[in-house]
Each structure stands twice: as structure tokens, then as C-alpha cells.
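This report is a guided reading of a protein model for someone who is new to structures. Please keep the sequence and the three-dimensional view at hand while you read.

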Protein chains: 2
Amino acid sequence: MAPGLFVDGRPAASLPLPDRGFAYGDGLFETLLVRGVAPAWLALHADRLATGLAQLGIPAPPWREHLAASLAAYDAPAEAWLTLRLTVTRGGGPRGYPPPATPLPRTVIEIAPAPLDPLVAPAPLRTATATLRWAQQPALAGLKHLNRLEQVLAARECRERGLDELLVCDTAGWLVAATRGNLFLLRGDVLATPDLAACGIAGTRRRLVLDTLAPALGLEVEVAALAPGALASADAVFCCNSLRGIVAVGRHEQRQWRAHPVIERLQAAYREALCANLG
Amino acid sequence: MAPGLFVDGRPAASLPLPDRGFAYGDGLFETLLVRGVAPAWLALHADRLATGLAQLGIPAPPWREHLAASLAAYDAPAEAWLTLRLTVTRGGGPRGYPPPATPLPRTVIEIAPAPLDPLVAPAPLRTATATLRWAQQPALAGLKHLNRLEQVLAARECRERGLDELLVCDTAGWLVAATRGNLFLLRGDVLATPDLAACGIAGTRRRLVLDTLAPALGLEVEVAALAPGALASADAVFCCNSLRGIVAVGRHEQRQWRAHPVIERLQAAYREALCANLG
């Protein structure tokens, strides 16, 4: 039995086949930060998942029950930081692309120790602009679906170039995100982040920054088309995702930034909100 | 045990997890037409698979051995027409997008009776242009990788509209393919098919038509950017894939076509080549 693996809430070692998640990437996932048995910002993940399920036409399985059952069975210490991947697929069905009329969706949950302590700000990132560009597809933009080969290729390029992260543009040349998180640029008192109407994943921590953390610090937020040239003139740049929180970019190609007080205040606000959210 | 399912050449009911094919669609597949234990045009499938593996940086598993073992175990009558899906994934690995340095790829084979007799030409298709457009991604174009949500969405639209097939354009407005096959337009003695440098799957039967069947009938072939307007002025239109062979389009929106002698000759040449290929 693979430790930390659950299918439809029950311990498992493998995925029943056929499964359209495997066949076509016909499904969605969420990467949750968990402390003990408490997932952080579950409501933001649930919102994005619901949006994706509706858009793909997948009926929602009882994933909350499966999540609770899986965490109870995993039985981690209350103070342990965990990473939990929750995948919902359209389930089985006959051969071929057309989705079954009455799908039986499947929930797969994988739990493991978190890769780092989310209460400690990671070291600033060394980044560059990716050579690979991501495709524009408004019908899927924003969703955290299972078609993630573009992220795999970008992550491979990142490793080959020996960097911490790459910042990726879409095929039209606009900034989208980092390979594993969203992107923010500080310009004066304005925090700008790429518009994701055509490309990218609408991260839960991006939404937290836009809706909660930035306004609380008196920062104006702007969701806009951003060219890579905007990086050089930014006062500060950071990435965010569910496992690492807010991470400053220390260097992007020739441009370097020192620690910036606004990022430090955002990181402190993030840690405080995380602890409050976990109760 | 699910009948006809094999993992790494052994009968199986499920996919061991973690698997990056499931997590990210990090892999490739081929849909083979098989008679008894003989796959049709295996060399064309092997070529495309090798191209995809090289492009994704996945080392080739011993998939030919797995294929032979699976077909031997399935033990179908020599005259039976089968459909065989051969999937190669990057296998397991640590959490996250970066591919493992030394992947252990996995071969998954699913065998079932073929949905139709490939020696009988299917009825002409009623088609329309899809509302959904497919993304341009030169880094993945041509490959039959596991990120196929766009095909799923197009197939769903096709069913909702009550048609046999949809012809799909890319986000720049160029014709790409049908939801489950490649597309050819006959214009005089020239057989034209969309260029797939930015979008689409380079089908084995497309290549067969371009390289072998069309030249043998004295047709000139053209791989080009084709606008949807080219359909109305075409003398004949057909789709092709591994399971259905060459299928005429009988009606596209307001435009109708009668049976065309060139398509009938191509279909006859296809059937003859299929029987010859299977020995």
C-alpha cells in the first residue's frame, strides 16, 4: 500500500482503469497545504475546483467526504505540515474522446510531508524568461486541469538552465506566471499581476493577495496584460503558490532587487492569515 | 481483472500510482488497429511515438515487447479486428512538475474489439465548424500526447450539436482537423491537408495518404494553411484515422457533396494497403 494514497476516500495503491484522467487528462486538481488534518484556505480551493468542474461538465463527486476520510486515515500529528494533492477525474467510460453522458467521477488524494515550512520565507529566487511559451486557450484558462505538459516542459527548461524559477510568456508574448506559481510586480503602490483570461492557472494565493492581503496593506491591485519588459522597471517582483506562500524574486536575468519592505509586509501578513485560517 | 488491460506487458486492473501520465498527462499514446495479433502500420505508429518520446525527453520503454506479450495474452481469433491503445508515460517520480532525472517509463495497453469493420467504408459524415478553437503550441504540435482536454471539449460540442464530426480551427482561425482524425480537401488533382506545425496531431493515416496513397493515384499533395472558407470550394472532403480509415464528409454546414470517385479510389487503395500491410 502506497502510504498517503487514497481513491474515493479509501487507501489504495493504484488507480482503477479505464480512467479519463489518465487517458486524456480529463479532470482537475488542487494542491493543498495542510496542518495536521486542517487544509489551508479550503474555500478558495473549493471555489476553483467548482468552477473547473462546471466548465468541463464533470459532476462534483463527494470530494469533501473523501478529503476528510483520507486525512483521518493518514493521521498525521496536529502540528505536521503536509502537502495534499486532490485530483478529480471524469472517471471511467467507453473508449474515445466524447465524455460519457453520466460520468462517475473519481477522487484521488495523495498526502505527503510538505517540502518546506510555510512559516519561513524561502530565499529569493534567481529567475529568467523561459524560452518555451505557453499556448493561449481561453476555454481552459484559469483552471487547474490535468493537461500540464507545458508546465513539465517549462520545469525541465528551468532545471537545464540551473535556475530556481522561470517566468513564462504566452505565445502572444505576454507574461503569464512562474512555472509553479503566479507572478506579481510592484510598481509604486500598485501590485500588478498578469490577466489570465487566455492562459495560466488562477492560483488560490494569487486570489488571496488580490482580494485580501494587498488591500489590507493599502496597495492598489491591477490585473493586466504585462510585457516581460515590465520586469526590469518593477520595484519588486514575487511569486506565490500554496506550498511556498509568497517568495521574492531576487534576480531576473540582469536585473537584481534587494529585499523590499512591501514584500516583507505581504509575507508577514500571509503567515498571520495562514495561522488564522487554520484556527 | 479488467479484460484487455496490461501494464508493462502483464495483465492488470489498475495503474500504479504515482504516475506522471495521470498527474500531468506526461506521456504519449497510439491507437492501433489490430487484426488478431498483427497491428496495422506499426512502423508509422512507432515513428510518431519515437518522435514524441524524444521531444518530451522520455526514454523508450521496451514497448514492443509489452505489445507482443499483451496481444499474445489477449489471444483474439486471427480474423478479429481490435482496437489497441498503447500509452507510454514518464512513470512515477517525486511530486512536482520537474521530470525525474532518470525516469522509469511505464507502458499501458488496452485492447478491445474494434468499433467497426475497417474494410467497410463508413457512411459520409455530417459536419460543421466547431465553435471551440484549439490552441497553437509549436512545442507539442504533431504529437499524440496525453493532454487531450481540447479534443474532449470538441467531442462534447459535437455531441451537443447532434453531428457526426466537427472540423476544428486553431485560435488563429486556420483549419486543423476533425475532433478524431485528420482532414483532407480535394481541389482538382490536388489533395490539401492542414499544416500541423502549430496545432494538431500528425496522424498515421494522414501520413499514409500523403506519402503513399495519394501519389499512387497521381494526386499532388499540399500541406498548407487552410482557412475554413476553403471547405465550400473543395470538390470533396474526407477525414481519416486509424480505426475508421478514410471517411468522406457528405455535408459541411450548408455545403453538400455527392460520392466522389477520387475518395472512392482512395478508400479502395486504403483497404488494399491495409490487407497487404497485415500480410
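The model is a predicted one, in which local features need pLDDT of at least 70 and side-chain atom pairs count only at pLDDT 80 or more, while totals for chains, interfaces and linings use all residues. Residues are numbered from 1 along each chain as its sequence is written, and chains are lettered from A and ligands numbered from 1 in the order in which they are written.

Chain A contains 7 helices and 16 strands, where helices (H or I, at least four residues) and strands (E, at least two) are DSSP runs numbered from the N terminus. Its C-alpha trace spans about 50 × 45 × 35 Å along the principal axes. The radius of gyration, taken over C-alpha atoms, can be compared with a globule rule of 2.2 Å times the number of residues to the power 0.38. For 279 residues a compact globule would come out near 19 Å, and chain A, with 19 Å, agrees with this. Buried residues account for 52% of the 279 residues in chain A; a residue is buried if 20 or more other C-beta atoms lie within 10 Å of its own, exposed if 12 or fewer, and partly exposed in between, with C-beta atoms placed from the backbone.

Two residues are said to be in contact if their C-beta atoms, placed from the backbone, lie within 7 Å. Among the contacts in chain A between residues at least 6 apart in sequence, 72% join residues that are at least 24 apart.

Chain A is divided into domain 1 (5-113) and domain 2 (125-277), with bounds that come from an automatic or database domain assignment. The centres of these two domains of chain A, taken over C-alpha atoms, are separated by 25 Å. Across the boundary, 17 residues of domain 1 of chain A are in contact with 13 residues of domain 2 of chain A. On the side of domain 1 that touches domain 2, strand 4 (27-35) and helix 2 (42-56) of chain A each supply at least two residues, and strand 4 of chain A gives the most, with 7 residues.

**How the two chains meet**

Chain B can be laid on chain A by a turn of 180° and a shift of 0.0 Å along the axis, with an RMSD of 0.0 Å; the superposition is by least squares on the C-alpha atoms of residues with pLDDT of at least 70 in both copies. The two copies are therefore related as by a two-fold rotation axis. The same surface serves both copies, since 100% of the contact residues of chain B recur in chain A.

In this contact, 41 residues of chain B meet 41 residues of chain A. Strand 3 (14-16), helix 1 (20-24), strand 7 (106-113) and helix 4 (149-160) of chain B each supply at least two residues of the side that touches chain A, and the largest share, 7 residues, comes from helix 4 of chain B. That side of chain B has 22 nonpolar, 12 polar and 7 charged residues, where Ala, Val, Leu, Ile, Met, Phe, Trp, Tyr, Cys and Pro count as nonpolar, Asp, Glu, Lys and Arg as charged, and the others, Gly among them, as polar.

Strands also pair across the chains, and two strands pair if DSSP finds at least two bridges between them. Strand 3 of chain A and strand 3 of chain B pair in the antiparallel sense over 3 bridges, and Ser14(A) has Pro16(B) as its bridge partner.

**Strands within chain B**

Strand 15 (residues 245-252) of chain B is mostly covered, with 6 of its 8 residues buried. Its pairings in chain B are set out here.

| Partner of strand 15 (chain B) | Direction | Bridges |
|---|---|---|
| Strand 8 (residues 125-134) | parallel | 3 bridges |
| Strand 14 (residues 236-241) | antiparallel | 4 bridges |
| Strand 16 (residues 255-256) | antiparallel | 2 bridges |

Leu125(B) has Val249(B) in strand 15 as its bridge partner, while Cys239(B) stands opposite Val247(B). Strands 14 and 15 of chain B form a hairpin with 3 residues between them. Strands 15 and 16 of chain B form a hairpin with 2 residues between them, and Glu253(B) in this turn has a positive phi of about 55°.
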